[in-house]
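Subject: Structure for you to look at

Hello,

Please find the structure below, followed by notes on what was found in it.

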Amino acid sequence: MSTPVILVINIVILVVLGLVVKTVKSDPTAKGGFNFNYTTSDLVIMAVLGALAGVINTWMGNVWYAANTVSPIYGAALQGTFMWAYILAYFLVRKSGSMLIIGIIEASVEALLGNQAGLSTLGWGISQGIGAEVVMAFCMYTKFGWLALGLAGAGASQFGTVWSFILYGWTSLTDYLIAAPINLISGFIFSGLLGYFLGTMIAKTGLLRATRRGAE
Amino acid sequence: MSEHSLRYIDNDSFFTRIDALSKLIWVILVILTTFQLTSNLSRVVMLAVVVFVMIILARVPLKTIWQAMPIILIMGTLLFFVHLFTAPSTQIINVLGFSVGKEGFDKGLQYFLRITIMVLASFILIWTTDIRDLMVGLVSIGMPYRYAFTVFMALRFLPVVQQEVDAVKAAHAIRGRASSSPIRHRIRLWQRYMFTVIVNGLRKAENTALAIESRGFGAFPDRTFVKEFHWTKTGIILLILFIVFAIWLIFWEKNLPIL
């Protein structure tokens, strides 16, 4: 099992997830397209969510590392618990690149809080962020429903295993392939759906400014 | 939480005085070189260099290193034992009176050393670098200052998050939360904590954004800093020496018998 093989497997999975996302109904209010014009409010929201997720994920990471060391199968069930903040940030900010940015922020916080992988934690932040971004790029960032966000969570969860593979040196392709659907389901539920439901609950509080969900 | 053992130590050591970017590049070079190494002996040499930097050049107090030791060693140790017991081996060797598979032992040691080197190098950066200096350095090489500010703000929010969690816990306790309850009830409590903390955090984020925007943040493409970034000669010398060492190590191990 080599890194190029793992990369090809994961790219195929991301493309399939992206094609499924394309079939989901678009949000009529969404502008879509690649918009990197972040307001200060967007950046501060991502900073706060990154800090929160960094604290929670550092704690969760201890459990995950122990499980994942043995085999990708054991860690797969928990793999999806790390990206809820990516999905929530995207739901609130609604701009391309937000999931990658929060991935880097959250991973930086984790590294500085004492994550056992040190600065290598950034590898997960980047790979998981890219996974979610690629899936949403297929629909040009026009979808914010539970299914689209669930699939973005699944993509993030699965693509994060590329970095896990590089760090852990798993040898069994069979184990990796068995773990893939577990990763996808875990990411769909614990990242995608959790992020979506947190977002809708926050929107109901009316907390957010008119530019975002709360005012709709 | 481990933040007590992982914080910037301003001890005016040789390594602390080096500019933040050179140290960041050094850590990246250590990680990249470690991935290139193919023998455990050369990884041990690399680990020795990193430990030398930590104790002699950075003068990190032994007590601090001791406190951080569980974080440093736990993942490497887990990887060592897993590879020791799962990697297929054709030869048996004796290690400290135990018979173990040679290939499993070598592979376990490989991952233990690799992870330990990477984590130690990262921790040296954290112990010897003020994050503010690192952010200023990143801005000076072209990172948009608004993004650097975001990372810095996330770190600034950490104690605020902790205070928020404590306040929410206290609020629940005042309202008669049971000190011991079934696991299901505890999970529901944590759900409530989490949602309250997120909502309060976002409320603070809105206020903070308004406050910094009203002070003109983001109005100009560039900004000034109280402390400007400057490359240091010692930093550049450190990088050159390390690159020479890394090239030597990679070529040196190629002439070694397989370890």
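The radius of gyration used here is taken over C-alpha atoms, and the globule rule it is set against is 2.2 Å times the number of residues to the power 0.38. This is a predicted model, in which local features need pLDDT of at least 70 and side-chain atom pairs count only at pLDDT 80 or more, while totals for chains, interfaces and linings use all residues. Residues are numbered from 1 along each chain as its sequence is written, and chains are lettered from A and ligands numbered from 1 in the order in which they are written.

Overall size

For 259 residues, a compact globule would have a radius of gyration near 18 Å, but the value for chain B is 24 Å. The C-alpha trace of chain B spans about 65 × 55 × 30 Å along its principal axes. Chain A has 216 residues, for which the rule gives a radius near 17 Å; its own value of 16 Å agrees with that of a compact globule. The box filled by the C-alpha atoms of chain A is roughly 50 × 40 × 25 Å.

A residue is buried if 20 or more other C-beta atoms lie within 10 Å of its own, exposed if 12 or fewer do, and partly exposed in between, with C-beta atoms placed from the backbone. By this count 61% of the residues in chain A are buried, and 33% of those in chain B.

Helices and strands

Helices (H or I, at least four residues) and strands (E, at least two) are DSSP runs, numbered from the N terminus. Chain A has eight helices and zero strands. Chain B has nine helices and two strands, in the order α-α-α-α-β-β-α-α-α-α-α from the N terminus on.

The strands of chain B are β1 (residues 92–95) and β2 (residues 98–101), which pair in the antiparallel sense over four bridges; pairing requires at least two bridges found by DSSP. B:Ile92 stands opposite B:Gly101 in β2(B). Two residues lie between the strands of this hairpin, and B:Leu96 has a positive phi near 50°.

Two helices in chain B

How do α2 (residues 20–36) and α5 (residues 102–128) of chain B cross? Their axes come within 9 Å and cross at roughly 180°. Axes are lines fitted to C-alpha atoms, for helices over the stretch in contact, and angles run from 0 to 180 degrees between N-to-C directions. Angles over 145 degrees count as roughly antiparallel, so α2(B) and α5(B) are roughly antiparallel to each other.

Two residues are in contact if their C-beta atoms, placed from the backbone, lie within 7 Å. Among the residues that meet are B:Leu24, B:Val27 and B:Ile31 in α2(B), and B:Ile117, B:Ala121 and B:Leu125 in α5(B).

Between the chains

In chain A, 37 residues are in contact with 43 residues of chain B. Of the helices of chain A, α2 (40–70), α5 (98–113) and α8 (173–205) each supply at least two residues to this side. The most come from α2(A), with 17 residues.

Two loop residues

A:Arg94, in the loop between α4 (84–93) and α5 of chain A, has a positive phi near 60°. A:Arg94 counts as buried because 21 C-beta neighbours lie inside 10 Å. B:Arg59 sits in the loop between α3 (40–57) and α4 (62–86) of chain B, and its phi is near 50°. With 16 C-beta neighbours inside 10 Å, B:Arg59 counts as partly exposed.

Regards

Methods: Angles under 35 degrees count as roughly parallel, over 145 as roughly antiparallel, 65 to 115 as roughly perpendicular and the rest as oblique.
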